[in-house]
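Student: Before we discuss this model, could you show it to me and tell me how its elements are defined?

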Amino acid sequence: MRINGFTTPFRKAAGAVLGVLAYNRCPICRRELSRPKDASGPVCGDCASKLDITPSPCPRCAAPAGPYSADEQGCRLCARENYAFSRTVAIGVHEGLQRTALLAGQASHGEVILEWLTDRLWERRCEQLSAWNCDIVTAVPRHWTRRITTANNAAEVIGRRLARRLDRPFRPNLLSQTRWSKPQASLRPTARRKNLGDTFSITDHRVARDRTVLLCDDVMTTGTTAHRCSRALLDGGAKSVDVAVLLRGVGRLEAT
Ligand SMILES: [Zn+2]
Ligand SMILES: [Zn+2]
């Protein structure tokens, strides 16, 4: 197959080389990486040390909460939400340096950054994640139309990495998004809650039945997507669902 005068394998190889070269610069601050000082991964040591880890997150939705302002029932952001999932972990808030890192991860050849961020999540939250003792790990699915228009499937990269860390089976196709809906990020919170109605369904009831499931995604904002996916898993026989995301969106819009 020929595209623009180059064969597809050639284009793929060229893309891979460009991808490697791109990591000579930190994807967050664009500073040139100096080895071995920045040998810790694809991100420079300065940026790595500035990742803002939420110190006392809400156990239910992972939003920042003081040590006494959230419990298993939730925090001011989630207490009135009727989530189908039980608990959430995240590295921190979807803003600043973390947001820039995630954007780089969602771009072409960004898998290595997504894996690096997932390892930071594991580093800080492995105690909780291990204590949840999930049976299987899955990821928020993307409708096929979105799969062909986005650079990579972030939720799947994160889920696969976490499943390996937890030594649990990864079932990326356990859920499918059966109806296309507007991207959540383009909508205001009230519209987000109305969007995505009944768009997720379980593909294999035998896999989910009586299992505790860890559902993975890159960002959780209103929690609507995670809720709908969890609802589909519970309706499909899962015992319970917990959520792991890299970042929690709690900005001005999200808080309304
Ligand atoms: Zn940097
Ligand atoms: Zn909360």
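Tutor: Helices (H or I, at least four residues) and strands (E, at least two) are DSSP runs that are numbered from the N terminus. Residue numbers start from 1 along each chain as its sequence is written, while chains are lettered from A and ligands numbered from 1 in the order of writing. This is a predicted model, in which local features need pLDDT of at least 70 and side-chain atom pairs count only at pLDDT 80 or more, whereas totals for chains, interfaces and linings use all residues.

Student: What is the mean pLDDT of the protein chain?
Tutor: pLDDT is the predictor's confidence in each residue, on a scale from 0 to 100. In the protein chain, 75% of the residues reach 70 or more, and the mean is 84.

Student: Over which residues does pLDDT stay under 50?
Tutor: Where pLDDT is low, the predicted coordinates should not be read in detail. A contact here means two residues whose C-beta atoms, placed from the backbone, lie within 7 Å. Beyond four places in sequence, the model has five contacts for one such stretch and two for another. The stretch with five contacts is residues 1-7, and the one with two is residues 15-22.

Student: How much of the protein chain is made up of buried residues?
Tutor: A residue counts as buried if 20 or more other C-beta atoms lie within 10 Å of its own, as exposed if 12 or fewer do, and as partly exposed in between, with C-beta atoms placed from the backbone. The chain has nine helices and nine strands. Of its 256 residues, the buried share is 41%.

Student: Why is strand S8 described as largely enclosed by the rest of the structure?
Tutor: Strand S8 covers residues 212-220. It is largely enclosed because, of its nine residues, the number that are buried is eight.

Student: Which residue of S8 stands opposite Ala139?
Tutor: Strands are said to pair if DSSP finds at least two bridges between them, and strand S5 (residues 136-139) pairs with S8 in the parallel sense over four bridges. Ile136 and Thr138 point one way from S5, Val137 and Ala139 point the other way, and all are buried. Within this pairing Ile136 stands opposite Val213, and Ala139 stands opposite Cys216.

Student: Which helix joins S8 and S9 in making a right-handed β-α-β unit?
Tutor: S8 and strand S9 (residues 240-248) run parallel and are joined by eight bridges, with Leu215 opposite Val243. A crossover is right-handed if, with the strands pointing away from the viewer, the path from the first strand over the helix to the second runs clockwise. The helix that makes this unit with S8 and S9 is H9.

Student: How far does H9 reach from its first C-alpha to its last?
Tutor: The expected span of a helix is 1.5 Å times one less than its number of residues. H9 is mostly covered, with nine of its 12 residues buried, including His227, Arg228 and Cys229, and it is followed by Gly237, whose phi is positive, near 110°. The reach of H9 is close to the expected value, at 16 Å.

Student: At which residue does H4 bend?
Tutor: Helix H4 (residues 111-132) spans only 26 Å between its end C-alpha atoms, whereas a straight helix of 22 residues would span 32 Å. A bend is the angle between axes fitted to the seven residues ending at a position and the seven starting there. In H4 this angle is about 80°, at Arg125.

Student: Is Asn133 buried or exposed?
Tutor: Most residues other than glycine have a negative phi. Asn133, in the loop between H4 and S5, has a positive phi near 55°. Because Asn133 has 11 C-beta neighbours inside 10 Å, it counts as exposed.

Student: Is Ala62 buried or exposed?
Tutor: Ala62, in the loop between helix H2 (45-49) and S3, has a positive phi of about 70° although it is not a glycine. Ala62 has 29 other C-beta atoms within 10 Å, so it is buried.
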